[in-house]
Amino acid sequence: MRFSWEVFEPSRLIPGQHVPLDPPWRDIEDADRAQDIADRLVPHLLPNQQLKVWDTEGVGHRPVLTVDA
């Protein structure tokens, strides 16, 4: 399957919200499961960062997996 992912950080303006990193850290890649991407990337995240993974072949714009570091 083809997934896209992006790393977010806590918003400085809206408590409890996350915003994309600036500059962005994102990519599109093939994997068997969204969890495979999370297993590889989460160890590289800083505290309070968040990884969101989307199924690019699916319908809708909601992440299929969200992981907090």
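This is a predicted model: local features need pLDDT of at least 70, side-chain atom pairs count only at pLDDT 80 or more; totals for chains, interfaces and linings use all residues.

Guide: Residues are numbered from 1 along each chain as its sequence is written, and side-chain values use heavy atoms, with hydrogens and water left out.

Visitor: In which sense do β1 and β4 pair?

Guide: Strands are DSSP runs of E, at least two residues long, numbered from the N terminus. Two strands pair if DSSP finds at least two bridges between them. β1 covers residues 2-10 and β4 residues 50-55, with six bridges joining them, and the sense is antiparallel.

Visitor: Which residue of β5 is the bridge partner of Val53?

Guide: β4 also pairs with β5 (residues 65-68), antiparallel, over four bridges. In β5, the partner of Val53 is Leu65.

Visitor: How many aromatic pairs does a search of the whole structure find?

Guide: Rings of Phe, Tyr and Trp (its six-membered ring) pair if their centres lie within 6.5 Å; planes under 30 degrees apart count as stacked, over 60 as edge-to-face and the rest as tilted. By that rule, the whole structure gives two.

Visitor: What angle lies between the planes of Trp5 and Trp25?

Guide: Their centres are 5.6 Å apart and the pair is edge-to-face. The angle is 90°.

Visitor: Is Trp5 buried or exposed?

Guide: Buried means under 20% relative accessible area, exposed over 50%, partly exposed in between (1.4 Å probe, protein chains only). Because its relative accessibility is 5%, Trp5 counts as buried.
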